[in-house]
Amino acid sequence: MSTPTKTAIVTGAARGIGAGVARRLAADGMAVAVIDLDEVACKPVVEQIQAAGGRAIAVGADVADEAAVTGAVERVVAELGAPTVLVNNAGVIRDNLLFRMTTDDWDTVMNVHLRGAFLMTRAVQKYMTEAKFGRIVNLSSTSALGNRGQANYAAAKAGVQGFTKTLAFELGKFGVTANAIAPGFIETEMTAATAARVGIPFEDFKAGAAKEIPVARTGVPEDIAHAVSFFASEGAGFVSGQVLYVAGGPKA
Ligand code: NAP
């Protein structure tokens, strides 16, 4: 008897790490809901997955909006089936030194990373507990250890780790694992935006970062997708509440 297709949700999947994760989980045989703020922006990733023989849908939703999250998850259930894999990847940065950081900078980052992960996970957990199987993977960051100019982001990404460990305690007995991945420098529009903010060409910015990384290169979305694929696999059922630093070296 063949294993039924699993349904995965990846948030912030129109580009960057989320797009890489969506493509990888589809290649692993899952049906994938590609969720991002703008549904149209998700379509190229869906088309790439379909062109490779996989199954995917584009869903527009703001993960920080409770009604939008409920609607998105209902659509996924109706169109792809009950989701048992959730990757909370959607993210934003609003970097500034503390004395210049606005309340809006703080709230926006908290809302997307923490409220977003909470709303998505709460909406999806019942399908996982009913199935007695679930895999939750949350995107933290090496910035969780503290990073100049990122008081908001560092606090959110450290919060993601506490959230993940608590999910592991609460959901373990239902066959649901929760783990976090803390990437180092990954080449995406997010790191390109940081380079632009500090006024350094992206290639120079990457070369500078690579000098500090033991494996002597910056990361790509596929590096993170590979780790997500492991945590999402059936065989990883005894691995829960962990934070894996995927940073080209021993960052933690
Ligand atoms: P990215 O290229 O900026 O992509 C993030 C995606 O999330 C964008 O498509 C963005 O949509 C979407 N998004 C933002 N707010 C959202 C919301 N409220 N609801 C739904 N989608 C939303 O970022 P990335 O570099 O791939 O990062 C992905 C995750 O990894 C983030 O959680 C980030 O913090 C984390 N991370 C990244 C790095 C790195 O070096 N790149 C390192 C550590 C951790 P819009 O384009 O419409 O804004």
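Analyst: The account below begins with the ligand and then moves to individual residues and ring pairs.

The model is predicted, so local features require pLDDT of at least 70 and side-chain atom pairs count only at pLDDT 80 or more, whereas totals for chains, interfaces and linings use all residues. Residues are numbered from 1 along each chain as its sequence is written, and side-chain values rest on heavy atoms, with hydrogens and water left out.

The ligand is surrounded by 28 residues, of which Arg 15, Asp 36, Asn 89, Tyr 153 and Thr 188 are the closest; a residue belongs to these surroundings if one of its heavy atoms lies within 4 Å of the ligand. In composition, this shell holds 13 nonpolar, 10 polar and 5 charged residues. Here Ala, Val, Leu, Ile, Met, Phe, Trp, Tyr, Cys and Pro count as nonpolar, Asp, Glu, Lys and Arg as charged, and the others, Gly among them, as polar.

Helices H1 (16-27), H4 (103-131), H5 (151-171) and H6 (189-198) each contribute at least two residues to the shell. The largest share, 3 residues, is that of H6. Helices (H or I, at least four residues) and strands (E, at least two) are DSSP runs numbered from the N terminus.

A polar side-chain atom of Thr 188 is 2.5 Å from a ligand oxygen, and one of Arg 15 is 2.7 Å from a ligand oxygen. Gly 184 takes part through its backbone, with an N or O atom 3.2 Å from an oxygen of the ligand. Of the 900 Å² of accessible area that the ligand has on its own, the protein covers 90%; accessible areas come from the Shrake-Rupley method with a 1.4 Å probe, and for residues only the protein chains shown count as cover.

Buried means under 20% relative accessible area, exposed over 50%, and partly exposed in between (1.4 Å probe, protein chains only). Residues up to four places away in sequence aside, Thr 188 touches Gly 16, Ile 17, Phe 202 and Pro 221, contact meaning heavy atoms within 4.5 Å.

The loop between E6 and H6 also holds Phe 185, which is buried at 16% relative accessibility. The whole structure contains 3 aromatic pairs, defined for rings of Phe, Tyr and Trp (its six-membered ring) whose centres lie within 6.5 Å; planes under 30 degrees apart are stacked, over 60 edge-to-face, and the rest tilted. Phe 185 and Phe 205 have ring centres 5.7 Å apart and planes at 55°, so this pair is tilted. Phe 205 lies in helix H7, so the pair ties together parts that are 20 residues apart in sequence. Phe 230 and Phe 231 form another tilted pair, with 5.5 Å centre to centre and 50° between the planes. Phe 230 is partly exposed at 44% relative accessible area, while Phe 231 is buried at 3%. Ring pairs also join Phe 185, Phe 202 and Phe 205 into a cluster.

Helix H5 includes Lys 157, which is buried with a relative accessible area of 4%. The side chains of Lys 157 and His 113 are joined by a polar contact of 3.0 Å, that is, a pair of N or O atoms within 3.5 Å; within protein, one must be able to donate a hydrogen and the other to accept it, and residues adjacent in sequence count only if both atoms are side-chain atoms. Beyond four places in sequence, the contacts of Lys 157 are His 113, Leu 139, Ser 140, Ser 141 and Ala 144.

In strand E6, Asn 179 is buried at 0% relative accessibility. A polar atom of the Asn 179 side chain lies 3.0 Å from the backbone nitrogen of Gln 242. Its contacts beyond four places in sequence include Ile 136, Thr 164 and Phe 231.

Two loop residues other than glycine have positive phi values. Lys 132, in the loop between H4 and strand E5 (134-139), has phi near 55° and is exposed at 55% relative accessible area. Ala 216, in the loop between helix H7 (202-211) and helix H8 (221-232), has phi near 60° and is exposed, with a relative accessible area of 55%.
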